[in-house]
Amino acid sequence: MASVRIRQAEEGDCGNILKLIRELAEYEKLSDQVKISEEALRADGFGENPFYCCLVAELLPAPGEPQGPCVVVGYGLYYFIYSTWKGRNVYLEDIYVKPEYRGEGWGQRPGSGKASMYERSPTPPRVEW
């Protein structure tokens with residue numbers, strides 16, 4: 001099984017995130033509806049008051065392999081909302097993993113993306129999708 005790290009996205013990940021967004025849109029047969037740019041992702045997610053949060057899943061080089069840049073193979077884009085009836089909520093906009101890397105159970109491991117979404121909130125919010 002490949003070794004993977006799930007971490008908060010960084011500004012430099014925006015190009016890879018956009019590629020994955022386009023892959024998801026292609027799968028959904030909605031490629032023509034993707035209007036977002038790498039620059040907009042950067043401005044909207046990494047400014048002073050970000051509109052969204054994002055996690056990325058990246059493959060790590062195996063022991064003994066050259067230590068080059070890690071390969072981003074998935075993302076989860078989410079944001080916080082507030083319900084007047086239910087309080088804090090996390091809205092999971094997208095979760096996408098390249099088809100060839102699915103089925104590894106990454107999202108169920110301790111410290112996975114699900115846990116990372118909750119780290120930003122003092123009380124566990126509800127997750128809507």
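**Briefing: strands, a pocket and a few residues**

Read from one end of the sequence to the other, the protein goes β-α-α-β-β-β-α-β. That makes three helices and five strands, where helices (H or I, at least four residues) and strands (E, at least two) are DSSP runs numbered from the N terminus. This is a predicted model, so local features need pLDDT of at least 70 and side-chain atom pairs count only at pLDDT 80 or more, while totals for chains, interfaces and linings use all residues. Residues are numbered from 1 along each chain as its sequence is written, and side-chain values use heavy atoms, with hydrogens and water left out.

**Overall numbers**

- Of the 129 residues in the protein, 33% are buried; buried means under 20% relative accessible area, exposed means over 50%, and partly exposed is in between (1.4 Å probe, protein chains only).
- Take the contacts with a separation of 6 or more: 58% of them are between residues 24 or more positions apart, a contact being heavy atoms within 4.5 Å.

**How the strands pair up**

- Two strands count as paired if DSSP finds at least two bridges between them.
- Strand 1 and strand 2 run antiparallel and share five bridges, with R5 opposite E58 of strand 2.
- Strand 2 (residues 53–59) is also antiparallel to strand 3, this time over seven bridges.
- Along that pairing, C53 has Y78 in strand 3 as its bridge partner, and E58 sits opposite V72 in strand 3.
- Strand 3 and strand 4 are antiparallel too, joined by ten bridges, and a hairpin of three residues connects them.
- Here Y78 faces L92 in strand 4, while I81 has N89 of strand 4 as its bridge partner.

**Strand 2, covered on both sides**

- In a regular strand, side chains alternate between the two faces of the sheet.
- In strand 2, C53, L55, A57 and L59 are on one side and C54, V56 and E58 on the other, and all of them are buried.
- A57 is in strand 2, and it counts as buried because its relative accessibility is 8%.
- A57 and R5 are 52 residues apart in sequence, but their C-alpha atoms are 5.7 Å apart.

- R7 belongs to strand 1 (residues 4–8) and, at 16% relative accessible area, is buried.
- The R7 side chain makes a polar contact with the D13 side chain at 2.7 Å; a polar contact is a pair of N or O atoms within 3.5 Å, and within protein one must be able to donate a hydrogen and the other to accept it, with residues adjacent in sequence counted only if both atoms are side-chain atoms.
- Skipping neighbours within four places in sequence, R7 is in contact with D13, C54, L55, V56 and E58.
- K98 is in the loop between strand 4 and helix 3 (113–119), and with 18% relative accessibility it counts as buried.
- The side chain of K98 makes a polar contact with the side chain of E23 at 2.8 Å.
- Residues up to four places away in sequence aside, K98 touches L20, E23, V72 and V73.

**A positive phi in a loop**

- Most residues other than glycine have a negative phi, and most peptide bonds are trans.
- K29 has a phi near 60°, a positive value in a residue other than glycine.
- K29 is found in the loop between helix 1 and helix 2 (38–46), and at 72% relative accessible area it is exposed.

**The second largest pocket**

- Its volume is about 190 Å³.
- A pocket, on a 1 Å grid over the protein atoms alone, is an open set of points where a 1.4 Å probe fits, with protein on both sides within 12 Å along at least five of seven lines; lining residues have an atom within 4 Å of a point.
- Grid points are joined across faces, edges and corners, and the volume is the space filled by probe spheres set on the points.
- The lining of the second largest pocket consists of I21, L24, A25, V34, K35, I36, L41, Y75, L77, E93 and D94.
- At least two lining residues come from each of helix 1 (14–27), strand 3 (71–83) and strand 4 (87–97), and helix 1 gives the most, with three.
- By class, the lining has eight nonpolar, no polar and three charged residues, with Ala, Val, Leu, Ile, Met, Phe, Trp, Tyr, Cys and Pro as nonpolar, Asp, Glu, Lys and Arg as charged, and the others, Gly among them, as polar.
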